[in-house]
Amino acid sequence: MAKIRKGDRVVVLSGKDRGKEGVVSAVFPTKGTLLVDGVNVVRKHRKPNQAGVMQGGIIDKDMPIPISRVAVISPEDGRPTRVGYRITPDGDKVRICRRTGADIP
């Protein structure tokens, strides 16, 4: 069970995009990285395909950033927080906000 999952709202803590907020679109746990919409955007030069399937030109692409550079935004107060766990009486493991103790959906 990963601490940061697809669909979480996160804020970037360091780097060129420090302070930007976005939604996690993909997580790569083996590499320790994730993709955040609108963060770490690079311009890539792409060659056109000979068959005409792929158009050439300059495209903007989101690149992965390390998981350690982001923090989950608390659902209650909208500030960055650490993620903890709580075991419910049913035996389920639930992610919680360390700052406020609220459940993270």
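1. A residue is called buried at under 20% relative accessible area, exposed at over 50%, and partly exposed in between (1.4 Å probe, protein chains only). G15, at 41% relative accessibility, therefore counts as partly exposed.

2. This is a predicted model, in which local features need pLDDT of at least 70, side-chain atom pairs count only at pLDDT 80 or more, and totals for chains, interfaces and linings use all residues. Residues are numbered from 1 along each chain as its sequence is written, and side-chain values use heavy atoms, with hydrogens and water left out.

3. Six strands make up an open, antiparallel sheet in the order 6-3-2-1-7-8. Its edges are strand 6 (65–66) and strand 8 (80–81), each of which pairs on one side only. Strands here are DSSP runs of E with at least two residues, numbered from the N terminus; two strands pair if DSSP finds at least two bridges between them.

4. Within this sheet, strand 1 (residues 9–12) and strand 2 (residues 21–28) are antiparallel partners joined over three bridges. V10 stands opposite G22 of strand 2. G15 lies in the loop between strand 1 and strand 2. The C-alpha atom of G15 is 24 Å from that of I58, and the two residues are 43 apart along the chain.

5. Which residues form a positive surface patch? They are K3, R82, K93 and R98. Patch residues have over 30% relative accessible area and no salt bridge, and like charges are joined within 9 Å. A salt bridge is a side-chain nitrogen of Lys or Arg within 4 Å of a carboxyl oxygen of Asp or Glu. K93 belongs to strand 10 (residues 93–97) and is partly exposed, with a relative accessible area of 43%.

Definitions and conventions
Patches are made of residues with over 30% relative accessible area and no salt bridge: like charges are joined within 9 Å, nonpolar side chains (Val, Leu, Ile, Met, Phe, Trp, Tyr) within 5 Å. Accessible areas come from the Shrake-Rupley method with a 1.4 Å probe; for residues, only the protein chains shown count as cover. Lys and Arg count as positive and Asp and Glu as negative; His and the chain ends are not counted. The place of a charge is taken as NZ of Lys, CZ of Arg, CG of Asp or CD of Glu. Helices (H or I, at least four residues) and strands (E, at least two) are DSSP runs, numbered from the N terminus.
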